[in-house]
Amino acid sequence: RHKFWETQPVGQFKDIGDTSLPEGPIELPTPLSEVKQEPYNLPNLYEWITCDMSSEDMCNEVFNLLSNNYVEDDENMFRFNYSKEFLCWAFQPPGFFKSWHIGVRVKSSKKLVAFITGVPARIRVRDEVVNMAEINFLCVHKKLRSKRLAPVMIKEVTRRVHLENIWQAAYTAGVVLPTPMATCQYWHRSLNPKKLIDVGFSRLGARMTMSRTIKLYKLPESTVTAGFRKMELHDVPAVTRLLRTYLSQFVVAPDFDENDVEHWLLPKENVVDSYLVESPETHEVTDFCSFYTLPSTILGNQNYSTLTAAYSYYNVSTKTPLLQLMNDALIVAKQKDYDVFNALDVMDNESFLKELKFGPGDGKLHYYLYNYRIRHALKPSELGLVLL
Ligand code: MYA
Ligand code: JJ1
């Protein structure tokens, strides 16, 4: 059934429930000298490129490929439209490898037709911190689908990750592959219900009028928590401590240091937003919330071309109830004119989703590890990891 994935060191469907299999790496590392030194073969019309993301032209090419060919919902009404600034940020965290930004061009026309990325990350699984690659942005041009190009892309990124002496990876997908370590649900909180309904993102509920719906989703003009403010550079040490303590309770979570927090969580306009609560008395940082910006192109609507979505990222509450903290996050997202606030049911998110009027979406997100077996699938609330 899965001609490619059956050959890979991932948990296989036939092994589900086999308690004799140990947790941990499936295959042992091989000496680097035994890693294939040349790229995998592509069909003759195509060639590999390493994408230099510091070049504006390259950034534009990747942006154009993704904006026309990346992930859509199941009814092809919306397509993720990551901004150039977002992509540059996502591809270049501390210690990134340029060789993990992989493109495929048509030799004759030089047109970019496929892409995949990896970035390095330390991910803790139970009490083991593992050097991994986070694999994302796998994309094959619509006209080249179903030609088995994706397995070649995946094998090539695997080879280049191995060359850096890294043997595990984490990735997410909307499709079921062998085999998810967790399956999460997307939830959506309407901020601009009229537009969401007009573009077909949501529907008027039963026995609801437009004006009742608008009233239902109304939010206060300004945030309510005393000491709630935007995160700044000098907050990095305090936020790192808060986040590390919080993430330590999850079965799978990133092992963030201060450099990671500065990169992934320091606010970057229209890319990532982070807020914290600084106690007005003690000036301690007690709570933190963040979201990233991922617009979607609205396919085939007369009136609107873009849906602006905020995606819940990492949130930590120690003093302010999580519900109140996230309500403040919704208020700032509304102030900034986002149409919808999205969240997965990971970490402690279940505790606020229903009360803050999020509704379940039609999309699921499956989380995977490569070359690392987890004995039982995890509950979403055991996951402390959000990929972009
Ligand atoms: S998830 C986002 C994926 N991108 C999209 O959904 C964008 C729109 N779609 C496309 O561009 C294409 O449909 C893609 C497939 C490129 C997805 N992850 O070439 P094919 C398997 C893994 O004929 P196409 C993200 O970015 C499929 O089961 N495998 O198909 C994370 C089949 O294998 P098998 C996938 O439709 C990516 C084979 O590919 C996915 O033309 C993580 C068919 O190939 C998928 N999302 O192209 C990648 N979709 O026969 C794995 C299909 O066995 C990383 N397939 O069922 C693994 C770790 C690597 C590093 C390891 C280091 C140690
Ligand atoms: O956004 C998603 N679904 C929306 C739109 C559905 C349009 C028709 N298919 C949705 N809307 C309902 C909102 C409603 C608001 C009021 C309360 C009740 C709910 O459900 C979905 C997620 O739900 N998104 C996708 O399908 C996009 C793909 C998701 C997989 C992503 C994989 C990428 C991984 C890369 O690493």
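User: In strand 17, which residue is the bridge partner of Thr-183?

Analyst: This is a predicted model, and the pairing described here is computed from it. Strand 7, residues 182-190, and strand 17 run antiparallel and are joined by 6 bridges. Within that pairing, the partner of Thr-183 in strand 17 is His-366.

User: Which residue stands opposite His-366 from strand 6?

Analyst: Strand 6, residues 168-173, is joined to strand 17, residues 359-370, by 5 bridges, and these two strands run antiparallel. His-366, which is also the bridge partner of Thr-183, stands opposite Ala-173.

User: Which element gives the largest share of the shell around ligand 2?

Analyst: At least two residues of this shell come from each of strand 6, strand 7 and strand 17. Among the 20 residues around ligand 2, those that come nearest are Gly-174, Tyr-186, Gly-359, Gly-361 and Gly-363. The largest share amounts to 5 residues, and its source is strand 17.

User: How many residues of the shell around ligand 2 are charged, and from which domains is the shell drawn?

Analyst: Domain 1 (5-172) and domain 2 (183-382) each contribute at least three residues to the shell around ligand 2. By class, the shell holds 7 nonpolar and 9 polar residues, and the number of charged ones is 4.

User: How many residues of the shell around ligand 1 are nonpolar?

Analyst: There are 34 residues around ligand 1, and His-2, Phe-4, Leu-138, Ala-150 and Ala-169 come nearest. Two or more residues of this shell are given by each of strand 5 (128-140), helix 3 (149-162) and strand 6. The shell also includes 7 polar and 4 charged residues, while the nonpolar count is 23.

User: How many residues does each domain bring to the contact between domain 1 and domain 2?

Analyst: The domain assignment divides the chain into domain 1 (5-172) and domain 2 (183-382), and their centres, taken over C-alpha atoms, are separated by 26 Å. The contact between them takes 40 residues from domain 1 and, from domain 2, 35 residues.

User: On the side of domain 1 that touches domain 2, how many residues are nonpolar?

Analyst: Strand 2, helix 2 (84-91), strand 4 (112-125), strand 5 and strand 6 each supply at least two residues of that side. Its residues include 9 polar and 9 charged ones, and the nonpolar residues number 22.

User: Are helix 6 and helix 7 roughly parallel or roughly perpendicular to each other?

Analyst: The axes of helix 6 (residues 236-247) and helix 7 (residues 258-265) come within 9 Å and cross at roughly 100°. Their contact has 6 nonpolar, 1 polar and 2 charged residues. Since angles of 65 to 115 degrees count as roughly perpendicular, the two helices are therefore roughly perpendicular.

User: In the open sheet of 3 strands, which are the edge strands?

Analyst: The strands of this sheet follow the order 2-12-13, with antiparallel pairing. Strand 12 (residues 296-298) is joined to strand 13 by 2 bridges, and within strand 13 the bridge partner of Ser-296 is Leu-307. The strands that pair on one side only, and so form the edges by that description, are strand 2 (78-80) and strand 13 (306-307).

Key:
Residues are numbered from 1 along each chain as its sequence is written. Chains are lettered from A and ligands numbered from 1 in the order in which they are written. This is a predicted model: local features need pLDDT of at least 70, side-chain atom pairs count only at pLDDT 80 or more; totals for chains, interfaces and linings use all residues. Helices (H or I, at least four residues) and strands (E, at least two) are DSSP runs, numbered from the N terminus. A residue is near a molecule or strand if its C-beta atom, placed from the backbone, lies within 6 Å of it. Ala, Val, Leu, Ile, Met, Phe, Trp, Tyr, Cys and Pro count as nonpolar, Asp, Glu, Lys and Arg as charged, and the others, Gly among them, as polar. Domain bounds come from an automatic or database domain assignment. Axes are lines fitted to C-alpha atoms, for helices over the stretch in contact, and angles run from 0 to 180 degrees between N-to-C directions. Angles under 35 degrees count as roughly parallel, over 145 as roughly antiparallel, 65 to 115 as roughly perpendicular and the rest as oblique. Two residues are in contact if their C-beta atoms, placed from the backbone, lie within 7 Å.
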